[in-house]
Amino acid sequence: MAEIRVHGRGVPGIPENHATIPVWNSEDWHFEDFEVGDKIRSIRRTISEGESILIKSLVMDHHPYVSDERFAAGDGASGKRLVAGAVVFSTGLGLAATNFPNRISCGYDRPRFIAPVFIGDTTFTIREILSKVVKDREMCKVRVSYSVFKGKGEHVL
């Protein structure tokens, strides 16, 4: 296998044509390629107990509905532990995220948690283009909506 030369040195294991090989899950779309109303659908993903615990611990969400099985089963409205909203939000966005180096997020506006998500639920995301705005010669803005669903199509976020 050939090497890429960086400052006169090769990088082991990286082929010379590394930059010309398409990146998996990448977009090469330009502002002109987006049309208002266009939608993409993600693959599905089951949220496991391990990742639910990991993410809720990272964001310090220790509410008994998400972290205490006995509380959730006995005193909780649903009878089982919920997946923390931060997990649903993050995985929902991640499912629709693609590798596009010239795009950044300017923030999230009005996330709404519509229905509960439980450990073991399978989710997917639909991203819809809502609007396009030319800011100036160097910056354009595409406003999108992310909708997260579980199971056979129940809208959850």
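**Aromatic rings in the model**

Author: Phe124 is buried, and Phe149 is buried too, where buried means under 20% relative accessible area, exposed means over 50% and partly exposed lies in between (1.4 Å probe, protein chains only). The model is predicted, so local features need pLDDT of at least 70 and side-chain atom pairs count only at pLDDT 80 or more, while totals for chains, interfaces and linings use all residues. Residues are numbered from 1 along each chain as its sequence is written, and side-chain values use heavy atoms, with hydrogens and water left out.

Reader: How many aromatic pairs does a search of the whole structure find?

Author: Rings of Phe, Tyr and Trp (its six-membered ring) pair if their centres lie within 6.5 Å, and planes under 30 degrees apart count as stacked, over 60 as edge-to-face and the rest as tilted. With that rule, the number of aromatic pairs found in the whole structure is 3.

Reader: What is the angle between the planes of Phe89 and Tyr108?

Author: Phe89 is partly exposed, with a relative accessible area of 22%, and Tyr108 is partly exposed at 49%. Their rings form an edge-to-face pair, 5.2 Å centre to centre, and the angle between the planes is 90°.

Reader: Which residue has its charged end over the ring of Phe118?

Author: A charge sits over a ring if NZ of Lys or CZ of Arg is within 6 Å of the ring centre and within 35 degrees of the ring normal. Here the charged end lies 4.5 Å from the centre of the Phe118 ring, and the residue is Lys80.
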